[in-house]
Each structure stands twice: as structure tokens, then as C-alpha cells.
Amino acid sequence: MLTRLLTAGAEGAGNGGGFGSLYSIIMIVAMLAILYFFMIRPQKKQEKETNAMRNALQVGDEITTIGGIIGKIVSIKEETCMIETGHDRMKIRILKSAVRCVDVKAEDAQK
């Protein structure tokens, strides 16, 4: 039984193998293109938007961190920022990469 399958496969490869291999290559390229457009490209776009948001942080912005801490930015350095939380005005130093979102921009808070 196994020898029949192997000989049938060898005969099929000899007769029309060119179209089959071309079809396989086209399918692999199509699958890679679909993977790129549905997974990789949106992720890169989201990373760009997140980096732009983190680079646009200003003193006075109200932010939420990845850990769920909500606070107001008091000072900003290259890779870190100092936030003030709660009524007791406790200050915490965090990495900019820990900022999830900006809840209220500084310009909006002044209005």
C-alpha cells in the first residue's frame, strides 16, 4: 500500500509538478501577505501611536499607568516622569514606557 502511494506521488510529480510547485509558492506568498496586513501592520501602527503619545507627554497631563495608577505629571525627564497621586500629593517616579494613556491633557485641564 505504501509503495503504491509513493509511486503514484512520483508519477504525479513528474507529469504536472511545475504547476503544483508554482501554486504552492503563490499560496505561501499569499498567506504571508495576509499575515502582514492583518497582524504585523496594525501592531506596528499601534506601537507608533503609543510612542507618539508617550513622547508628547507634558507637565500637567493626567495619566493612567499600565499598573492602574492614576496621577498628574509633575516633571518629565528623558526616560522617566514624576507623577503626583491622591489627596496627600504622594509623588511616584515612573518610566515613560509605563504610561498606558493620557486621561486629560494639560491644555484641557486649564480650560
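Reader: Which residues form a nonpolar patch on the surface?

Author: I28, L32, I34, L35, Y36, F37, F38, M39 and I40 do, with about 930 Å² of accessible area together. A patch takes residues with over 30% relative accessible area and no salt bridge, joining like charges within 9 Å and nonpolar side chains (Val, Leu, Ile, Met, Phe, Trp, Tyr) within 5 Å. The areas come from the Shrake-Rupley method with a 1.4 Å probe, and for residues only the protein chains shown count as cover. I34 sits in helix 1; helices (H or I, at least four residues) and strands (E, at least two) are DSSP runs numbered from the N terminus.

One heads-up: this is a predicted model, where local features need pLDDT of at least 70 and side-chain atom pairs count only at pLDDT 80 or more, while totals for chains, interfaces and linings use all residues. Residues are numbered from 1 along each chain as its sequence is written, and side-chain values use heavy atoms, with hydrogens and water left out.

Reader: How many salt bridges does a search of the whole structure find?

Author: Side chains of opposite charge can pair when their charged atoms come close. Here, a salt bridge is a side-chain nitrogen of Lys or Arg within 4 Å of a carboxyl oxygen of Asp or Glu, and the search finds two. One joins D61 and K105, with the closest N and O atoms 3.6 Å apart. D61 lies in the loop between helix 1 (2–55) and strand 1 (62–65), and K105 in the loop between strand 5 (99–104) and helix 2 (106–110), so the pair ties together parts 44 residues apart in sequence. E84 and R89 also form a salt bridge, at 3.0 Å from N to O.

Reader: Is D61 buried or exposed?

Author: Buried means under 20% relative accessible area, exposed over 50%, and partly exposed in between (1.4 Å probe, protein chains only). D61 is buried at 0%, K105 is partly exposed at 25%, and R89 is exposed at 55%.

Reader: Which residues make up the largest nonpolar core?

Author: In soluble globular proteins, nonpolar side chains tend to be buried together. A nonpolar core is a set of buried Ala, Val, Leu, Ile, Met, Phe, Trp, Tyr and Cys residues joined through side-chain atoms within 4.5 Å. The largest one here has seven: L57, I63, I73, C81, I83, I94 and V99.

Reader: What stands opposite I63 in strand 2?

Author: That's G71, while in strand 5 the bridge partner of I63 is V102. Two strands pair if DSSP finds at least two bridges between them. Strand 1 runs antiparallel to strand 2 (residues 70–76), joined by three bridges, and pairs with strand 5 in the antiparallel sense over four bridges.
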